[in-house]
Amino acid sequence: MPAEKKALDPARPAPVGRQVEAAFFDVDNTLMKGASLFHVARKMYERGAFTLRDAAGFAWKHLAFLFRGESLEDVRSIEASALALGAGILAVDVETIGHEVYDEFIESRIWPGTKALAEQHLRVGRRVWLVTATPIEVATVIADRLGLTGALGTVGEIEDGAYTGRLVGEILHGKAKAAAASELAEREGLDLERCWAYSDSHNDIPLLTLVGHPVAINPDARLRSHANAHNWPIYDFRAGRRAATLGLKAATVGGALYGLWRGYARFRR
């Protein structure tokens, strides 16, 4: 497991006492490659919830995410689109879709190194929470399937069992992640100085600085610079794959455009 700085060993046993240790993991590009919400949108398109134009918009935003990393504008844009398009969809259907998306798309995209870190924390008795902008229903499925403690995610308003197209609170992103983790720590009796946090994005610096053991995983340029300046451990599970990844991204762009053209042709016929 390559690391640019020596990280404190997450396999160190948690001390016995009233305070509880925990680890917080971001999902997109930290736990898994790419954006989980894109795959949810893809599955909903297959079920007829979205039009081809909507699907193309999600695909384009996902490609931008893969190329340049996470931005607050992209996250808000994707979430806003998903909320508007998801109005009227039954909550139970989204949970079912979450299991399908995990089996078909997410499981194969999980970084083995990040998964191993989460499992090390669990083995020594720490709680492990996902903290993500992903809808809570999908985040909970990911946490359950990996045997983690739980998940904090974006919450959509539900009335009569269906989504209204509005949020409860705000998108769990940036400072909102730090606030949610802080509230959880208060409820669970966590000692944040003894806790860990993992992320790939500079947008999560508020979450990372909240804990005593911040770790950058597959960091974007701004987070890498911040981590180096503050002597934070850096794990890059993309090492040795970058040349191949660039080729894969180029092929993905071409394949996505061709697929959209073929889909449009079929739609026209």
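This is a predicted model: local features need pLDDT of at least 70, side-chain atom pairs count only at pLDDT 80 or more; totals for chains, interfaces and linings use all residues.
**Strand S5**

I started with S5, which covers residues 196-199. I looked up which way its side chains point: Trp196 and Tyr198 go one way, and Ala197 and Ser199 go the other way. All four of these residues are buried.

Next I looked up the pairing of S5. Strand S1, residues 22-25, runs parallel to S5, and three bridges join them. For a point of reference I noted that phenylalanine 25 stands opposite tyrosine 198 of S5.

S5 also pairs with strand S6, residues 213-217, in the parallel sense, here over four bridges. Alanine 216 in S6 is the bridge partner of serine 199. I then followed the chain from S5 to S6: the path goes through helix H8, residues 205-210, and this β-α-β crossover is right-handed.

**Salt bridges**

I asked how many salt bridges a search of the whole structure finds. The count is eight. I wrote down some of them.

The pair of glutamate 21 and arginine 126 has its closest N and O atoms 2.5 Å apart. Are the two residues buried or exposed? Glutamate 21 has 3% relative accessibility and counts as buried because the cut-off is under 20%. Arginine 126, at 2% relative accessibility, is buried as well.

I then looked up glutamate 188 and arginine 127, whose salt bridge has its closest N and O atoms 2.2 Å apart. Glutamate 188 belongs to helix H7 (residues 175-188) and arginine 127 to strand S2, so the pair links parts that are 61 residues apart in sequence. Glutamate 188 is partly exposed, with a relative accessible area of 30%. Arginine 127 is partly exposed too, with a relative accessible area of 28%.

Aspartate 236 and arginine 238 form another salt bridge, at 2.9 Å from N to O. Aspartate 236 is buried, with a relative accessible area of 5%, whereas arginine 238 is partly exposed at 26% relative accessibility.

My last entry concerns shared partners.

Notes: Residues are numbered from 1 along each chain as its sequence is written. Side-chain values use heavy atoms; hydrogens and water are left out. Buried means under 20% relative accessible area, exposed over 50%, partly exposed in between (1.4 Å probe, protein chains only). Helices (H or I, at least four residues) and strands (E, at least two) are DSSP runs, numbered from the N terminus. Two strands pair if DSSP finds at least two bridges between them. A crossover is right-handed if, with the strands pointing away from the viewer, the path from the first strand over the helix to the second runs clockwise. A salt bridge is a side-chain nitrogen of Lys or Arg within 4 Å of a carboxyl oxygen of Asp or Glu.
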